[in-house]
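Here are my notes for a colleague who has not seen this structure before. Please read them with the model open.

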Amino acid sequence: MKPNTNNSLNSFRRISFITVVAVYTLILVGGIVRSTGSGMGCPDWPKCFGSVIPPTSVDQLPKNYQEIYLQQRLAKNERFVATLEKLGFENAAFRIANDKSILVEEEFNAIKTWIEYLNRILGVVIGLFILLTVWKSFKLWKVDKWIPINAILSLVLVLFTGWIGSIVVSTNLLTWMITFHMLLALALVAVLLYINHRSERLQASHGVKMDVPAKVQWVLIIGALLMLIQVVLGTQVREHIDQISSSLGGMLREDWVDRVGITFLIHRSFSLVLLGIHVLYFFWAFRYSVRNSKLNLWSQILMGVLLLEIASGIGMAYFGIPAFLQPIHLLLGSLILGIQFMLILQLRDHIQFKLNSN
């Protein structure tokens, strides 16, 4: 491979990896926004209280600011509902149009406003990283055109995710919209990891080829699908927790878990299923992979993060859902999905190598 091409590959891999780290940082910050109740710290989008730099005191706002921003949100929701109806999503449009919680407008809180503002600033930074990733990918068009094509897809995805973020604000944090927003962030991570992996495959030192049976990949794919279900179940648990917290005025945290009911029990029991699937995967991965290989190393990391995720879940269940554990729990779950996807890509390469060698 030409030195210039190899330099372009290394540069692209660095920036795409940094972008993945930035997206995960945003997921963590998003969890902090949620756990501190700062999601509506800025009632408009993309500005915050109509300014590039948000206010620090309620005295900087008009007396009827709640009514002003409520009307702005309702107008935006009407346009969104009309769009959903045109696209054939009548049920979703009906749910938004008739959800009374959207009519609630929060009072100004400087701390919450600045937490949400910093969350948005980080989103802008990620957008710039994505643009840089796309620009770097164009140099690889002649080597692998799917890298720049998927880089452009990541740009489209981040713009769509940003727009959905504005809808999350206008709908006053509807829970299913928050879940959809988070799934889009995970999809963005997957696209970035995929193009990073493709660029790594083009380098001569891609790694040691191993004779890995297809069953190892399939058990991990099952584990990834179950993990995705677990993440969605977790958002439902969080929805119930938010409702309970609101009804109790944020008091009696130690009673919140007991009040959630069957949803939490399913979520907790599902973690045991996930642990069993991943223990089986780890046993096979350890058996068939080279000890110091990238596949073996990341399999160990996957098990470590999974155990930390389960431990954080236990901590929330038995210690009154500490606010600091909530974003950590979300981040660890998101990391598991990213590591699983990366390992699936690596396993696919090894299995294809085995088939081509026969």
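1. **Who lines the second largest pocket.** This is a predicted model. Three helices, α1 (3–35), α6 and α7, each supply at least two residues of the lining of the second largest pocket. The biggest share comes from α7, which gives seven residues. The space in this pocket is about 890 Å³. Its lining counts 31 residues, and those closest to the centre are G37, E106, L173, D242 and S246.

2. Probing is a simple idea: rolling a probe the size of a water molecule over the atoms shows where empty space is left. Here the count comes to one cavity of 30 Å³ or more. The volume of the largest cavity is about 70 Å³. Its lining is made of M40, G41, P43, F49, Y65, E105, E106, E107, F108, N109, K112 and T113. By class, that lining has five nonpolar, three polar and four charged residues.

3. **The loop between α1 and α2.** Two backbone details deserve a look. Where is P46 found? P46 sits in the loop between α1 and α2 (65–86). The peptide bond that joins W45 and P46 is cis, with omega about 5°. F49 has its place in the loop between α1 and α2 as well. F49 is not a glycine, yet its phi is positive, at about 55°.

4. **Helices α5 and α6.** Two packed helices are described by the angle between their axes and the distance between the axes. Helix α5 (residues 146–170) packs on helix α6 (residues 175–201) at an angle of about 165°, and their axes are 9 Å apart. α5 is therefore roughly antiparallel to α6. The crossing of α5 past α6 is left-handed. Their contact holds 20 nonpolar, six polar and one charged residues. Recall that α6 also supplies at least two residues of the lining of the second largest pocket.

5. **Helices α7 and α9.** How far apart are the axes of helix α7 and helix α9? The axes of helix α7 (residues 214–247) and helix α9 (residues 262–288) lie 9 Å apart, and the packing angle is about 160°. So α7 is roughly antiparallel to α9. α7 passes α9 in a left-handed crossing. In the contact of α7 with α9 there are 20 nonpolar, nine polar and one charged residues. To the lining of the second largest pocket, α7 gives the most residues.

6. **Salt bridges.** How many salt bridges does the structure hold? There are five salt bridges. In one, R120 pairs with E116, and the closest N and O atoms are 2.9 Å apart. Why are R120 and E116 about one helical turn apart? Because they are four residues apart in helix α4 (residues 110–137).

How values were computed. Residues are numbered from 1 along each chain as its sequence is written. This is a predicted model: local features need pLDDT of at least 70, side-chain atom pairs count only at pLDDT 80 or more; totals for chains, interfaces and linings use all residues. Side-chain values use heavy atoms; hydrogens and water are left out. On a 1 Å grid over the protein atoms alone, a cavity is a set of points where a 1.4 Å probe fits but cannot get out, and a pocket is an open set with protein on both sides within 12 Å along at least five of seven lines; lining residues have an atom within 4 Å of a point. Grid points are joined across faces, edges and corners, and a volume is the space filled by probe spheres set on the points. Ala, Val, Leu, Ile, Met, Phe, Trp, Tyr, Cys and Pro count as nonpolar, Asp, Glu, Lys and Arg as charged, and the others, Gly among them, as polar. Axes are lines fitted to C-alpha atoms, for helices over the stretch in contact, and angles run from 0 to 180 degrees between N-to-C directions. Angles under 35 degrees count as roughly parallel, over 145 as roughly antiparallel, 65 to 115 as roughly perpendicular and the rest as oblique. A crossing is left-handed if the near helix is turned anticlockwise from the far one by less than a right angle, and right-handed if clockwise. A salt bridge is a side-chain nitrogen of Lys or Arg within 4 Å of a carboxyl oxygen of Asp or Glu.
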